[in-house]
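This briefing covers a ligand site, aromatic pairing and the backbone geometry of one protein model. Please read the points below alongside the sequence and the coordinates.

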Amino acid sequence: MKIFDDIPNYIKEMVPYPPGKPIEELKREYGIQDVIKLASNENDYGPSPEAVKQFTSTADELFRYPDGSGYYLKGVIAEHFGVSRENIVLGNGSNEIIDFLCRVLVRPGRSVVSSFPSFLVYQKMVQIMGGENIVIPLKEGCHDLEAMAAAVRDDTRLIFLDNPNNPMGTIINREKFHAFLKGLPDTVLVVLDEAYGEFVRDDADCVRGADFISQGGFQDPRVVFMRTFSKAYGLAGLRVGYGIMDARIAMLLERVRQPFNVSLPAQKAALSAMMDREYLTRILQAIWSEMDRLSHALEALGCVVASSNTNFMLVDTGRPAREIYEALLQKGIIVRAMDAYGLPTHIRITVGTKEENSSFLSAIGNLLGS
Ligand SMILES: Cc1ncc(COP(=O)(O)O)c(C=O)c1O
């Protein structure tokens, strides 16, 4: 078909995003019933019961379109951060905010700076828009801010920084970020992706997008930050995320979104999840405590565990990661092998529930002991 000749190479050459192995696939392939998935940094403790109640309550309203402006959800987010609704853009996951930013700012002849390894979706969205990715390797597991600033060109429009970084779990130091920002031109937006922001324990040291909010607006319009309901709030299946930014930029992003991009159940559940601060605190404590337990147990098995400000951990098993990954799969446990990230002996594991973590520890203990 002639139509294929007209598709640009940057689309033809795209490699699909590699999602964690789906539970159903493992059940089918290996005939295993009890599967534990510690591969996609989900929150296995689940969402607030209040959020589930609100989600269920929408059953009678499913024939209606959702509120396209997300008025009530934006209201709760605005109050939480001390901004106005005009500073907030809602997305079908924070993935969609990345998409909006790229749609507005990237096209052939424009470039975007990001790190490797970091969240792979940044590069994909840039590629879809025909832009050029300038990719800077992490330095000692952290974003190399100096090298990133030096890589910015006249045609650079975005810098993506996942803070904490996925997969390293490291954070960006506040002073270093301010120095970095100082040297940047106003032809570029700096996107702090705080998908794991709620999990950060080294709070005093970590720069936050919220640091740039002042009197309901933005001190520095070059800074955009993103959050999600997929991680700490346990609503990955509903797909809700948001970006907070200067109102003039938010207005541009609003222009490129579909009119009803966040579903009715998603809006209602996210609103309740955000209001249930007590549940969030309890879940964070549980995850932190399990993370410490996993860390100590894995170190006792001879692994090297990177300290992490997220709900996942990067573990150097000292053995080929693919082998460990395959052997765990056979036992019904899905983790991430990090060979594709240039880390041939590392796996990445999400902190699961106490029972899931115990099963994982027992399985990996058997493997590493053998
Ligand atoms: C660093 C980072 N940013 C963003 C996301 C996207 O999250 P969502 O689209 O579910 O909000 C993820 C998901 O894994 C992530 O790791």
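A residue is taken to be near a molecule if one of its heavy atoms lies within 4 Å of it. Around the ligand there are 13 residues, of which Ser94, Asp193, Tyr196, Thr228 and Ser230 come nearest. The model is predicted, and local features need pLDDT of at least 70, side-chain atom pairs count only at pLDDT 80 or more, and totals for chains, interfaces and linings use all residues. Residues are numbered from 1 along each chain as its sequence is written, and side-chain values use heavy atoms, with hydrogens and water left out.

**Ligand site**

- The protein covers 94% of the 390 Å² of accessible area that the ligand has on its own, with areas taken from the Shrake-Rupley method with a 1.4 Å probe.
- The ligand sits in the largest pocket, where sitting requires that more than half of its atoms lie within 2 Å of the grid points of the pocket; a pocket is an open set of points, on a 1 Å grid over the protein atoms alone, where a 1.4 Å probe fits, with protein on both sides within 12 Å along at least five of seven lines.
- By residue class, the shell around the ligand divides into three nonpolar, six polar and four charged residues, with Gly counted among the polar ones and Asp, Glu, Lys and Arg as charged.

**Aromatic pairs**

- Across the whole structure there are 13 aromatic pairs, a pair being two rings of Phe, Tyr or Trp (its six-membered ring) whose centres lie within 6.5 Å.
- Tyr65 and Phe260 form a stacked pair, 4.5 Å centre to centre with 20° between the planes, where stacked refers to planes under 30 degrees apart.
- This pair links distant parts of the chain, 195 residues apart, with Tyr65 in the loop between α3 (49-57) and α4 (71-81) and Phe260 in the loop between α9 (247-255) and α10 (264-275); helices (H or I, at least four residues) and strands (E, at least two) are DSSP runs, numbered from the N terminus.

**Backbone geometry**

- Most residues other than glycine have a negative phi, and most peptide bonds are trans.
- Phe116 and Pro117 are joined by a cis peptide bond with omega about -10°, and Pro117 lies in the loop between β3 (111-116) and α6 (121-128).
- The peptide bond from Asn166 to Pro167 is also cis, with omega near 25°, and Pro167 is found in the loop between β5 (156-162) and α8 (174-182).
- Asn41, a residue other than glycine, has a positive phi near 55° and is placed in the loop between β1 (36-37) and α3.

Conventions. On a 1 Å grid over the protein atoms alone, a cavity is a set of points where a 1.4 Å probe fits but cannot get out, and a pocket is an open set with protein on both sides within 12 Å along at least five of seven lines; lining residues have an atom within 4 Å of a point. Rings of Phe, Tyr and Trp (its six-membered ring) pair if their centres lie within 6.5 Å; planes under 30 degrees apart count as stacked, over 60 as edge-to-face and the rest as tilted.
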